[in-house]
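Let's take a friendly walk through a protein model together. Have a look at the sequence and the 3D structure here, and then read on.

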Amino acid sequence: MDGKILISYVTAGVYLILGLVALALEVWAFVDCLRHRATLFVAASKRTKTFWLALTGVALAIGALTVLTGGSSLSLFGIAAVTASCVYLADVRPAVREAGSGGNRNVGPYGPW
């Protein structure tokens, strides 16, 4: 009986850590989306800022609910929320940053080099 209790505590701890990591990704995606101008999303051909704010905002809400409930519920929605945040961070964020820099990546603090 003691082994089952230990396993349940370890499992709950792992779910909590994974939930916190997922929540950190979702917060990062949402805050980064807030930072960029709406015109950059259109210039990068990545939908609109409103679309990505709504998607990352819903993902953030689902992630917060998942952490608050201990990760036991909303697991399928939690996976979808992490996926949406990761798509933003891996695909949309670099394209928007590239559109914001004017396409010139070799720019230092005093101009191009």
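We can start with Arg-47, which is exposed, with a relative accessible area of 58%; exposed means over 50% relative accessible area, buried under 20%, and partly exposed in between (1.4 Å probe, protein chains only). Arg-47 sits in the loop between α2 and α3, and its phi is near 60°, a positive value in a residue other than glycine. Ser-45 is found in the loop between α2 (38-43) and α3 (49-68). Ser-45 is exposed, with a relative accessible area of 63%, and its phi is near 55°, again a positive value in a residue other than glycine.

Before going further, please note that this is a predicted model, in which local features need pLDDT of at least 70 and side-chain atom pairs count only at pLDDT 80 or more, while totals for chains, interfaces and linings use all residues. Residues are numbered from 1 along each chain as its sequence is written, and side-chain values use heavy atoms, with hydrogens and water left out.

**The overall layout**

The protein chain has 4 helices and 2 strands. Here helices (H or I, at least four residues) and strands (E, at least two) are DSSP runs, numbered from the N terminus. Starting from the N terminus, the elements follow the order α-α-α-α-β-β. Of the 113 residues in the protein chain, 27% are buried. Contact means heavy atoms within 4.5 Å. Among the contacts in the protein chain with a separation of 6 or more, 64% are between residues 24 or more positions apart.

**How the helices pack**

Two packed helices are described by the angle between their axes and the distance between the axes. Axes are lines fitted to C-alpha atoms, for helices over the stretch in contact, and angles run from 0 to 180 degrees between N-to-C directions.

At what angle do the axes of α1 and α3 cross? They cross at roughly 155° and come within 9 Å. The two helices are therefore roughly antiparallel to each other; angles over 145 degrees count as roughly antiparallel, under 35 as roughly parallel, 65 to 115 as roughly perpendicular and the rest as oblique. The crossing of α1 and α3 is left-handed, a term used if the near helix is turned anticlockwise from the far one by less than a right angle (right-handed if clockwise). Among the residues making this contact are Leu-16, Leu-20 and Phe-30 of α1 and Trp-52, Thr-56 and Val-67 of α3. By class, the contact of α1 with α3 has 14 nonpolar, 4 polar and 2 charged residues. In this count Ala, Val, Leu, Ile, Met, Phe, Trp, Tyr, Cys and Pro are nonpolar, Asp, Glu, Lys and Arg are charged, and the others, Gly among them, are polar.

Next come helix α1 (residues 2-35) and helix α4 (residues 75-100), whose axes come within 9 Å and cross at roughly 45°. That makes α1 oblique to α4. Their crossing is left-handed. The contact of α1 with α4 has 10 nonpolar, 2 polar and 3 charged residues. Those that meet include Leu-25, Trp-28 and Ala-29 in α1 and Ala-81, Tyr-88 and Leu-89 in α4.

**Inside the protein**

Is Thr-56 buried or exposed? Thr-56 is buried, with a relative accessible area of 0%. This residue of helix α3 is in contact with Ala-29, Phe-30, Cys-33 and Tyr-88, leaving aside its neighbours within four places in sequence.

The largest nonpolar core has 11 residues, including Ala-29, Cys-33, Trp-52, Tyr-88 and Leu-89. A nonpolar core is a set of buried Ala, Val, Leu, Ile, Met, Phe, Trp, Tyr and Cys residues joined through side-chain atoms within 4.5 Å. Helices α1, α2 and α4 each supply at least two residues of this core, and α4 gives the most, with 5 residues. Leaving aside its neighbours within four places in sequence, Leu-89 is in contact with Leu-25, Trp-28, Ala-29 and Pro-94.

**Pairs apart in sequence**

Val-31 lies in helix α1 and is partly exposed, with a relative accessible area of 42%. Val-21 is found in helix α1 too, and is partly exposed, with a relative accessible area of 48%. The table pairs each of them with a partner.

| Pair | Separation in sequence | C-alpha to C-alpha distance |
|---|---|---|
| Val-31 and Leu-53 | 22 residues | 9.0 Å |
| Val-21 and Val-67 | 46 residues | 9.9 Å |
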